[in-house]
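Reader: I have just opened this one and would like to go through it slowly with you. Could we start with contacts and then move on to other topics?

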Amino acid sequence: MLVQKAYKFRIYPTTEQERQIAKTIGCSRFVFNHFLAKWNDTYQETGKGLTYNACSAQLPQLKQ
């Protein structure tokens, strides 16, 4: 018999931590949407998507 457990946690971040969390999530969303758009464009043009290595190689340029 398989027993599954779940845990629920609640955090109470400080104001500074809330800002940092929002900033991190915002940056992650930007990067995801940027590479999703690039992937879709590449797929429409060539019929093949981008690889992880192709995307990760562009990250340092995107940071600047």
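Reader: Which residues does Leu 62 touch, not counting residues up to four places away in sequence?
Author: Bearing in mind that this is a predicted model, Leu 62 touches Phe 30, Val 31, His 34 and Phe 35, once residues up to four places away in sequence are not counted.

Reader: And where is Leu 62 found, in which helix?
Author: Leu 62 is found in helix H2, which covers residues 52-63.

Reader: How far apart in space are Leu 62 and Phe 9?
Author: From C-alpha to C-alpha they are 34 Å apart in space, while in sequence Leu 62 and Phe 9 are 53 residues apart.

Reader: Changing topic, what span should helix H1 have?
Author: Helix H1 has 32 residues, 15-46, and at 1.5 Å a residue they should span 46 Å; the end C-alpha atoms are 46 Å apart, so the two values agree.

Reader: What comes just after H1?
Author: Just after H1 there is Gly 47, which takes a positive phi of about 85 degrees.

Reader: What does UniProt list for residues 1-48?
Author: The UniProt record, an unreviewed entry, lists residues 1-48 as "domain: Transposase putative helix-turn-helix". In the model, the chain over residues 1-48 is 67% helix and 0% strand, with its end C-alpha atoms 44 Å apart.

Reader: How many salt bridges does a search of the whole structure find?
Author: The search finds one salt bridge, and it is formed by Arg 19 with Glu 16, whose closest N and O atoms are 2.8 Å apart. Side chains of opposite charge can pair when their charged atoms come close.

Reader: Where do Arg 19 and Glu 16 lie?
Author: Both lie in helix H1, three residues apart, which is about one turn of the helix. Arg 19 counts as exposed because its relative accessibility is 51%, whereas Glu 16, at 47%, counts as partly exposed.

Reader: Last topic: how many disulfides does the structure hold?
Author: The structure holds zero disulfides. Cys 27 is in no disulfide, and the nearest cysteine sulfur, that of Cys 55, is 17 Å away.

Technical notes
Residues numbered from 1 in each chain as written. Predicted model: local features only at pLDDT ≥ 70, side-chain atom pairs only at ≥ 80, totals over all residues. Heavy atoms only, no water. Helix = DSSP H or I, 4+ residues; strand = E, 2+ residues; numbered from the N terminus. Expected span 1.5 Å × (residues − 1). Disulfide = S-S within 2.5 Å. UniProt positions renumbered as here; feature names shortened; annotations may be inferred. Salt bridge = Lys/Arg side-chain N within 4 Å of Asp/Glu carboxyl O. Buried < 20%, exposed > 50% of the residue type's maximum accessible area, 1.4 Å probe, protein only. Contact = heavy atoms within 4.5 Å.
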